[in-house]
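Hi everyone, thanks for coming. I'd like to walk you through a few parts of one structure, so please have a look at it on the screen.

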Amino acid sequence: MPANLTPQYFEAERRFKSATTPEEKIQALEAMLAVMPKHKGTDHLQADLRRKIAKISEEAEKKYATSRKNFNIRREGAGQVALTGLPNTGKSLLLASLTNVKPEVAAYPFSTKSPNVGMMPFENIQIQLVDMPAINMEEARVWSNSVLRNADLLAIVVDLTNDPVRQAEATLEGLEEISVVPYKPGVDNSATGLRERRAFIIANVGDLDIDDEGINALHTRFNGRLDAIRVSAAEKQNLEELKRQIFSRLNIMRVHTKSPGAKVDLSDPVILPAGATIKDAAEAVHKDFRSGLRYAVIWGSGKFDGQRVGAEHVLRDNDVIELHV
Ligand SMILES: Nc1nc2c(ncn2[C@@H]2O[C@H](COP(=O)(O)OP(=O)(O)O)[C@@H](O)[C@H]2O)c(=O)[nH]1
Ligand SMILES: [Mg+2]
C-alpha cells in the first residue's frame, strides 16, 4: 500500500535533516509522525520514527545526565511515581497533600517548571512522588521525558470539572509522542518500539464533581484500559485509598529479614517485585547468601508460622524470613 505522504511530512523531514540539536531533531520527527496518514501502509514508517525518537532522547538523556547531575531523578524509597498531566490539574497540590514537600500551587497554568520531589509515607515504607511540569511544556521536555520513560508508575492527573476524558486523552497523546504507552496485560508492544509503563488516572477535584459526571465519563471511556480513582487534593478526600492503590499498582512487596533468635524489625523491609522468591530475597540482602543458602524459616506465607522452606518458595507481602547459610 502506498504511504501517500503529504507535503507537510516532507517539510518536517527537511527540518529533521537540517536539525542540529536533539530537541530540534525530536520535534521534527514528532511532526513527521503527527502529519503522517495512519494506515497499514505507514505502520513500519511509524514504528521506525518512534524508534528514532526513542534513540535520540535516550542519547540526549545520557548526555544531560552526565553533564547535569540532577537531570535524572534518583529513585528513592520503594518506587518512583510520576504525577503527570495537563497544567492546573492539581499535581502540585497532590504532592503537597501526600508528602511534606511544599511546592508552588497556583491557579495559573505552567507554575511547575522544575521537578518537585517528595516522599509519601505508606505504612512501613516511603514511596517517591515526582510532580512533573505539565506534559505539553516544551522547556522541560528532555528532563521530563527521562522521568516519564523510567518511572515505576505513571499517575495521570486530571481535573474532573473540566472534560476529564479530553485531558486524559491529551496526556496519553503526550506520552505516546515520547513512545510511552500504558502497560496492559496480554498486549505485546515489543515490535513497536513503544515503552510500556504501569499507569492509572487520578481523578482530582472530586469535591466539585457534581452528580459524578466526570468520574462516570472516565470510567465509561477507559473501561478495562485505565482505572480511575476519584480524590480531592484540596479537601483531602480519598487520599488514604489513593496511597493504597499507588502501593498495589507498583506491584512490589515488603519482606522482613531477621537473624535467628532475634526480634524482627518491621520498619525497614526489603522491597522486591511481586512474585519474588526466597532466592531473590537472599540475593537482595547479600549476594553471598544466594549460593550458600541452605534453607529459610518463614512467618506469613508458609503453611504454618516458623515453617522451613527452600529457595524457590514464592514470598508474599509482609512475610518475615530467617535465612540460614
Ligand atoms: N476545588 C479543588 N481545587 C483544587 C484541587 N486540587 C487543586 N486545586 C486547585 O487547582 C489549581 C491548580 O493546582 P496545582 O496543584 O498548582 O496544579 P498543577 O499545575 O497540576 O500543579 C490551584 O488553584 C489549586 O488550589 C481539588 O482537589 N479541589
Ligand atoms: Mg504544578
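Let's begin with Arg-15, which sits in helix α1, the helix that spans residues 7–18. Keep in mind as we go that this is a predicted model. Is Arg-15 buried, exposed or partly exposed? It counts as partly exposed, because it has 16 C-beta neighbours inside 10 Å, and the partly exposed class lies between 12 or fewer for exposed and 20 or more for buried. Now look across to Lys-25: ten residues separate it from Arg-15 in sequence, and their C-alpha atoms are 7.8 Å apart in space.

That pair brings us to the neighbouring helix. In general, two packed helices are described by the angle between their axes and the distance between the axes. Here, α1 packs with helix α2, residues 22–35, at an angle of about 165°, and the axes are 8 Å apart. So α1 is roughly antiparallel to α2, since the cut-off for that is anything over 145 degrees. The crossing of these two helices is left-handed.

Which residues meet there? From α1 we have Gln-8, Tyr-9, Ala-12, Glu-13, Arg-15 and Phe-16, and from α2 they meet Lys-25, Ala-28, Leu-29, Ala-31, Met-32 and Val-35. By type, the residues of this contact are eight nonpolar, one polar and three charged.

Next, the sheet. This is an open sheet of five strands, in the order β9-β8-β12-β10-β11, and its pairing is mixed. The edges are β9, at 270–273, and β11, at 307–309; each has a single partner strand, so one side of each has no neighbour in the sheet. On average, neighbouring strands are turned by 40° against each other, ignoring direction.

Zooming in, β10 (295–299) and β12 (319–324) run antiparallel and are joined by five bridges. Lying across β8, β9, β10, β11 and β12 is helix α9, residues 278–285, which runs at about 135° to β9.

Last, two loop residues. Most residues other than glycine have a negative phi. Glu-123, though not a glycine, has a positive phi of about 45°. It is in the loop between β2 and β3, and it is exposed, with 11 other C-beta atoms within 10 Å. Asn-238 also has a positive phi, near 65°. Its loop lies between β7 and α8, and Asn-238 is partly exposed, with 16 other C-beta atoms within 10 Å.

That's my tour, and I'm happy to take questions.

Note on methods
Residues are numbered from 1 along each chain as its sequence is written. Chains are lettered from A and ligands numbered from 1 in the order in which they are written. This is a predicted model: local features need pLDDT of at least 70, side-chain atom pairs count only at pLDDT 80 or more; totals for chains, interfaces and linings use all residues. Two strands pair if DSSP finds at least two bridges between them. Helices (H or I, at least four residues) and strands (E, at least two) are DSSP runs, numbered from the N terminus. Axes are lines fitted to C-alpha atoms, for helices over the stretch in contact, and angles run from 0 to 180 degrees between N-to-C directions. Two residues are in contact if their C-beta atoms, placed from the backbone, lie within 7 Å. Angles under 35 degrees count as roughly parallel, over 145 as roughly antiparallel, 65 to 115 as roughly perpendicular and the rest as oblique. A crossing is left-handed if the near helix is turned anticlockwise from the far one by less than a right angle, and right-handed if clockwise. Ala, Val, Leu, Ile, Met, Phe, Trp, Tyr, Cys and Pro count as nonpolar, Asp, Glu, Lys and Arg as charged, and the others, Gly among them, as polar.
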